[in-house]
Amino acid sequence: MHDDSSIARLAAILREETERSRPGERLPSSREIMRRHGVGPVTVSRAIAQLAAEGRVVTRPGAGVFVAPARRPVAETPDLSWQTVALGDRVVDDSATASLLAQPPDGVVPLTGGYLNPELRPVKALAAAAARAVRRPETWSMPPLNGLPELRRWFATEVGGAVTQNDVLVVSGGQSALTLAFRALAAPGSPILVETPTYPGALAAARAAGLRASAVPIDRDGVLPTCWRRRSR
């Protein structure tokens, strides 16, 4: 088990240690940190990820965690005017959303809530299917981390081509999928580009993975502004 206070305390201790160390100096191994401070591996991993997100340490798979090089002062003030796209005052038209939340008139069956109307819900069939499912022994077992083989095989068949079940991962939900993708594709401390405005859950998943999100504005057509493209080259 771990909690945010344990992570914060360990991060503070390691932060002080990096301030006393020279750039490029290796921090103690995760096992040594666990022994010294009596914490678990998850606490160590998240504390290091927090320091990596702050730019204080650099993780090198198979080598360890090292104090990051000293940051050089920026010679000129960066142009942050593009942030007004995401942070500036805007008038948001919420009429479409408000109409979805309004009580439907008599005789209208809404299909926007994610749950079937009771009149359309096949209660008996759902109850029979659930009863069959709970009688299966594997129902009470922990599923594989990459998803049930039968379900992965089905998705692979639907996609077709050269895709096999080994190319398919099934996760418990959208947020879990984002976290899994971030942890698999980028090391803690790596920068990633996110469009603005974006899904807040994606930013939360990126922070949890120790990544540094950099906002990139887009216009209403989903195209990067020409000035940003020119600066990014």
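Predicted model: local features only at pLDDT ≥ 70, side-chain atom pairs only at ≥ 80, totals over all residues.
**Exercise 1.** Identify the buried residues of helix α9 and decide how they are arranged around the helix axis.

Solution. Step 1: α9 spans residues 200-208. Step 2: apply the cut-off for burial, under 20% relative accessible area. The buried residues of α9 are then G201, A202, A205 and A206. Step 3: look down the axis of α9; the buried residues fall within an arc of 140 degrees, so they line one face of the helix. Step 4: turn to the face pointing away from the buried side, which carries the exposed residues P200 and R207.

**Exercise 2.** Describe the largest pocket by its volume, its lining and the elements that supply the lining.

Solution. Step 1: the space in this pocket amounts to about 300 Å³. Step 2: its lining has 19 residues, and S30, S45, I48, T59 and V65 are the ones nearest the centre. Step 3: at least two lining residues come from each of α3 (41-53), β1 (57-60) and β2 (64-67). The largest share, four residues, belongs to α3. Step 4: sorted by type, the lining holds nine nonpolar, six polar and four charged residues.

**Exercise 3.** Work out the volume and lining of the second largest pocket.

Solution. Step 1: the volume is about 240 Å³. Step 2: A133, R136, E138, T139, S141, M142, P143, L148 and E150 form the lining. Step 3: these divide into four nonpolar, two polar and three charged residues.

Definitions and conventions:
Residues numbered from 1 in each chain as written. Heavy atoms only, no water. Buried < 20%, exposed > 50% of the residue type's maximum accessible area, 1.4 Å probe, protein only. Arc of directions from axis to C-beta. 1 Å grid on protein atoms, 1.4 Å probe; cavity = no way out; pocket = protein on both sides within 12 Å on 5 of 7 lines; lining within 4 Å. Points joined across faces, edges and corners; volume = space filled by probe spheres on them. Nonpolar A, V, L, I, M, F, W, Y, C, P; charged D, E, K, R; others polar.
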